Amino acid sequence: MVDRSPALASNSYYQAVNKELGATIDFQVNDGNTYGDKIQTVLASPKDVPDWVVIPSWNLPPRFSQAVTSVFEDLAPYLSGDKIKKYPNLANLPTAAWKFSSFAGGLYGLPYPSTLLTNAMFYRKDIFTELGLEAPKTADEYIEIAKELTNPAKKRWGSEDAWNGAQLMFGVAPKWALVDGALVNKVETDEYRAALEWTAKLFASGAVHPDAVAGNLQQSKARFESGASLMATDGLGSWHESLARMLPTNPKYDMQPMDFFAPDGGKPTLFAGAPASIFSFIKKNDDKAKIEELLAVANFIAAPFGTQEYQLINYGVEGVHFKKDENNIPQSTDKGLAEVTSTYAFLVNSPSSIPRFSTRAMCSRPASGKHARRRLSSRSSSSVCKSRSPPSSAHSASRSTTWPWILPAAAKRSAIWMPHLPRGRRTVAMSSVSSTPDS
């Protein structure tokens, strides 16, 4: 376990959010590179499972649908039908994200909604400009430019491992493709073979950083940011993260995505990303008040763009962690850069301000507010929650066949409900998200 975030006692961001939550959440950071193995070990021993567990989609263990029913709580009795009115911000999450969070016939996951497109090929525009180069627009150009950029004497290589980028270029299906009326696994498609052949050609050119050739992908971001490699494929969230890390010390740093292109430079074939990329699960518990307590916390964290809650979760306290520029865009202070992370958002995240997927949840528009850019972080955590006085509400344990995304027309988003939570201790395990791997 590697703790990269300031401790609660010295982190004013955590303290400010916890004060508004009416709860104390103490985060401890786990290494995302080994989290997949760790989560399998924990799930194998139910007594070691914490009360609230976050698992990225790429870390879901084998036969998870068999384990989920015995370890985690089915949230349908708490969220289906009119019960969702208690949690208006959860009701506001996209329909497809909720559906994607269903396992073994039950609603077990709280979703982190994804963007429509999740990956892109990035390049160091600042260095490209210095060298008089433009971003590649075809597969062949990518290799030629990568070779031109490569200069081992200057410890500079043109590219990181571009396998995920190759799949974007060649239009490889995420898992299955419909070919002549039959379902075909992606590894059997012509596009997959073409992407493999192109990647082999890139590696053979000598333009891929030697550490990437050796399989050290954990340091890919660091190499790209230092200028040791100048093109890389990554999740879109990495763009915001990288700018936040680098601009304070390198104002010229300019990480930009390439336009999507087919291998010949024509229109690309792009596949929509999964509607949710990360899930959180609440441990099975006979104390229904504890389940409602954690859902109340989740409802606060899921507050949408344009609300004060969203601003607090994503930027911290104005004047302490950020200041607004002339366009009313939050700009992090040094304290904000040091303390503000996305740990809360990994429990459950608000919808993107740009629609990802349609939803039938009937919610009013978010309250008006200043524009804010959402920062994403590669950090993640475990947390312990100490909380206060309970919300008053009736609870029915009977299961309803009406799912939370099918809401009555009268269900409207009310004012943000700030929970006053019962006393208790909650342990929440979370993973770090450093990249979006091949799906």
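**The sheet and its helices**

Mentor: In this predicted model, an open sheet is formed by 3 strands in the order E9-E6-E10, with antiparallel pairing.

Trainee: Which are the edge strands?
Mentor: An edge strand of this sheet pairs on one side only. That holds for two strands, at residues 231-235 and at residues 255-257. The edge strands are therefore named, by the definition of pairing used here, as follows: E9 and E10.

Trainee: What does the twist average from one strand to the next?
Mentor: The value concerns the sheet in the order E9-E6-E10. From one strand to the next, the twist averages 40°.

Trainee: Which residue is the bridge partner of methionine 121 in E9?
Mentor: Strand E6, residues 119-124, pairs with E9 in the antiparallel sense over 5 bridges. Within E9, methionine 121 has as its bridge partner threonine 233.

Trainee: What angle does the direction of H8 make with that of E9?
Mentor: Helix H8 packs on the sheet and touches E6 and E9. The direction of H8 makes with that of E9 an angle of about 120°.

Trainee: Which strands does helix H13 touch?
Mentor: Helix H13, residues 237-246, also packs on the sheet, and its direction makes about 165° with that of E10. The strands touched by H13 are E6, E9 and E10.

**Two helices in contact**

Trainee: Are H8 and H10 roughly parallel or roughly antiparallel to each other?
Mentor: The axes of H8 (residues 139-149) and H10 (residues 190-204) come within 10 Å and cross at roughly 15°. Angles under 35 degrees count as roughly parallel. H8 and H10 are therefore, in relation to each other, roughly parallel.

Trainee: How many nonpolar residues has the contact of H8 with H10?
Mentor: H8 contributes Ala139, Asp140, Tyr142, Ile143 and Ala146, while H10 contributes Trp198, Lys201 and Leu202. By class, the contact has no polar residues and 2 charged ones, and the number of nonpolar residues is 6.

**An enclosed strand**

Trainee: Why is strand E2 largely enclosed by the rest of the structure?
Mentor: Trp52, Val54 and Pro56 point one way from E2, whereas Val53 and Ile55 point the other way, and all are buried. Strand E2 (residues 52-56) is largely enclosed because the buried residues number 5 of the 5.

Definitions and conventions
Residues are numbered from 1 along each chain as its sequence is written. This is a predicted model: local features need pLDDT of at least 70, side-chain atom pairs count only at pLDDT 80 or more; totals for chains, interfaces and linings use all residues. Side-chain values use heavy atoms; hydrogens and water are left out. Axes are lines fitted to C-alpha atoms, for helices over the stretch in contact, and angles run from 0 to 180 degrees between N-to-C directions. Helices (H or I, at least four residues) and strands (E, at least two) are DSSP runs, numbered from the N terminus. Angles under 35 degrees count as roughly parallel, over 145 as roughly antiparallel, 65 to 115 as roughly perpendicular and the rest as oblique. Contact means heavy atoms within 4.5 Å. Ala, Val, Leu, Ile, Met, Phe, Trp, Tyr, Cys and Pro count as nonpolar, Asp, Glu, Lys and Arg as charged, and the others, Gly among them, as polar. Buried means under 20% relative accessible area, exposed over 50%, partly exposed in between (1.4 Å probe, protein chains only).
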